[in-house]
Amino acid sequence: MQTQRKEVATAGLSRFFATVYGYMTLALAISGITAFYAAQSPFILNLVLGNPFGFIALFLVEIFLVMKLASNGNKLRSVGSSIVGFIAFSIVNGILLSSIFIIYPLGDIAAAFMITAGTFAGMSIFGFVTKKDMTGLGGHLRSALIGLIIATLVNGFILRSGPGELILSYITVLIFVGLTAYDTQKLKQIYFHYSDSQSLGAIAISGALSLYLDFINIFLAVLRIFGGGRN
């Protein structure tokens, strides 16, 4: 009987993570396609690159959607609104990312994506299979992330140094590589806590959002490293 329950739980966990990675892959595809086609539009490029108010407005919309999706997951709300919000977030983020097709060669973008995909997969597998509790590490990583944000602002608005940008890119990779493993393990723990719930869909989407953000931040940092720290 215990063996049967374990098999059922394992099968359910596999389906849950397949759903999470499915949503994440869909979001990455939407963002990538949106970014590529937005880079061909003078209107959108002017909105993102030539108009600080347009950029800020899109960024605020993105922050709102992130908070809404996280809230939906925490409150076990229906999956329908979360799917719509996640697609909207993916499109908005794709528009904000459109400038990479102007700044970087396609070869660098493709290479950075492949490196990110391999690194992400390895760390996500590690977070899934490890028996070590990473709760404490997660707290340290989030504290390091706050420090990174402050350092990035200082470097961008005060120092404006290429080498500083490059160093921050390496630190970004390390932080989000760790967060990938941490977020994966946290999702596993969340699944077992809510495995009897009928609202795992919203949790799966909020989990996909966390992993999506880890992936995108690693990708952008690797891309900056390829570009020698250029903005």
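Start at the second largest pocket, which holds about 210 Å³ of space (a pocket being, on a 1 Å grid over the protein atoms alone, an open set of points where a 1.4 Å probe fits, with protein on both sides within 12 Å along at least five of seven lines; its volume is the space filled by probe spheres set on the points). This is a predicted model, where local features need pLDDT of at least 70 and side-chain atom pairs pLDDT 80 or more, while totals for chains, interfaces and linings use all residues. Residues are numbered from 1 along each chain as its sequence is written, and side-chain values use heavy atoms, without hydrogens or water.

Next, select Leu28, Gly32, Ile100, Phe113 and Phe219: of the 13 lining residues, these lie nearest the centre of the second largest pocket (lining means an atom within 4 Å of a point). The lining has 11 nonpolar, two polar and no charged residues (Ala, Val, Leu, Ile, Met, Phe, Trp, Tyr, Cys and Pro count as nonpolar, Asp, Glu, Lys and Arg as charged, the others as polar).

Now colour the helices (DSSP runs of H or I, at least four residues). α1 (2–38), α5 (100–103), α6 and α9 each give at least two residues to this lining, and α1 has the largest share, with four.

Finally, show α6 (106–129) with α9 (200–226): their axes, lines fitted to C-alpha atoms over the stretch in contact, come within 9 Å and cross at roughly 135°.

Terms used: Axes fitted to C-alpha atoms, helices over the stretch in contact; angles between N-to-C directions.
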